[in-house]
Amino acid sequence: MSAGQARCLEQALVEGYRLLTEGIPSVQVVEAAIRILEASGLFNAGLGSNRQLDQVQRMDASIMDGRTLQGGAVASIERVMHPITAARLVMERTPHVLLAGTPATRFARYCRVERLPRQGPMRRRAGRQGETRATATLVKLYRDMAHSMRTKQARGKETVGAVALDVRGAVAAGASTGGVNVMLPGRVGDTPLIGCGVYADDESGAVSMTGLGESIIRVSAAKEIACLLEQGWTPVRAADVLLTRLVRRTGGSAGALVLSASGAFAIRHVTPRMAAGHWNGIGSPTVRDHFR
């Protein structure tokens with residue numbers, strides 16, 4: 001974790017805690033914290049998002065309100081600084097949960113979500129080349145570079161997420177990502193899938209995942225952890241059991257932010273590192289990249 005990433009995480013924690021002390025609902029706090037990380041360019045989300053094989057940034061995000069069980073998500077959205085805000089707008093302004101691709105981008109534009117800076121000439125040329133490249137060539141390129149999916153956590157830029165519990169006892173969870181580097185155009189991971197990348201329920205708790213999305217999807221990670229919390233398991237035990245199963249059954253890797261309805265929390269991972277933090281308003285925020 002770089003010094004810049006650490007400072008940005010501290011900023012997000014301080015702002016989130018400030019909003020909670022002012023009585024702001026947890027779903028708004030989660031959005032605000034993630035927006036800080038998206039705008040930094042230091043993480044694999046928003047401004048800093050990875051590019052797919054055709055050199056286009058396509059981003060995913062989701063957010064869930066544990067009080068109402070409402071959720072919103074966007075997948076393969078382009079040219080948006082804050083996909084998490086687009087996801088919240090899907091939740092609050094439509095009857096849907098997930099919008100994808102060009103229609104999601106149009107929806108964000110209609111709602112005046114802040115755009116990413118204008119593309120430079122190199123980005124536009126790469127985009128045109130990507131549009132004319134044969135699918136078979138893309139598949140070959142992907143296979144040649146597939147090892148990058150297994151080293152996602154070592155690249156220095158990670159998916160971002162947050163969980164929060166407000167003064168009313170409502171929990172929320174959110175996540176935002178640029179996906180796996182050099183992935184096939186159109187690939188969607190766990191982040192925009194409610195129950196996989198995120199889940200929140202006031203009767204159990206809130207969960208936000210990071211890691212190899214394909215593995216997280218296959219075990220429905222966030223929902224499984226939430227179910228264990230509802231059965232009375234501690235966040236540490238619930239996360240450890242699920243992550244162990246994920247490794248055993250899929251060979252993948254992941255990390256989890258887990259917050260129970262009572263306020264107990266855990267940051268756990270089976271990746272080499274996971275830049276994350278927490279703060280209770282006393283002293284300085286705790287930020288580091290190893291929590292096992």
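## Helix packing and pocket

The axes of H2 and helix H3 (residues 83-93) come within 8 Å and cross at roughly 150°. Axes here are lines fitted to C-alpha atoms, for helices over the stretch in contact, with angles from 0 to 180 degrees between N-to-C directions. H2 and H3 are therefore roughly antiparallel. Angles over 145 degrees count as roughly antiparallel, under 35 as roughly parallel, 65 to 115 as roughly perpendicular and the rest as oblique. Helices (H or I, at least four residues) and strands (E, at least two) are DSSP runs, numbered from the N terminus.

The model is predicted: local features need pLDDT of at least 70, side-chain atom pairs count only at pLDDT 80 or more, and totals for chains, interfaces and linings use all residues. Residues are numbered from 1 along each chain as its sequence is written, and side-chain values use heavy atoms, without hydrogens and water.

On the H2 side, Val27, Gln28, Glu31, Ile34, Arg35 and Glu38 meet Pro83, Ile84, Thr85, Arg88 and Met91 of H3. Contact means heavy atoms within 4.5 Å. This contact has five nonpolar, two polar and four charged residues. Ala, Val, Leu, Ile, Met, Phe, Trp, Tyr, Cys and Pro count as nonpolar, Asp, Glu, Lys and Arg as charged, and the others, Gly among them, as polar.

Two further pairs are listed below.

| Pair | Axes within | Crossing angle |
|---|---|---|
| H1 and H2 | 9 Å | roughly 160° |
| H9 (residues 221-230) and H10 (residues 235-250) | 9 Å | roughly 140° |

H1 and H2 are therefore roughly antiparallel. H1 contributes Cys8, Leu9, Gln11, Ala12, Glu15, Gly16, Leu19 and Leu20, and H2 contributes Val29, Ala32, Ala33, Ile36, Leu37 and Ser40. The tally is 10 nonpolar, three polar and one charged.

H9 and H10 are therefore oblique to each other. Ala221, Glu224, Ile225, Leu228 and Leu229 of H9 touch Pro235, Ala238, Ala239 and Leu242 of H10. That contact has eight nonpolar, no polar and one charged residues.

Elements giving two or more lining residues include helix H1 (3-21), helix H2 (26-40) and strand S4 (160-165). The lining has 27 nonpolar, 11 polar and one charged residues.
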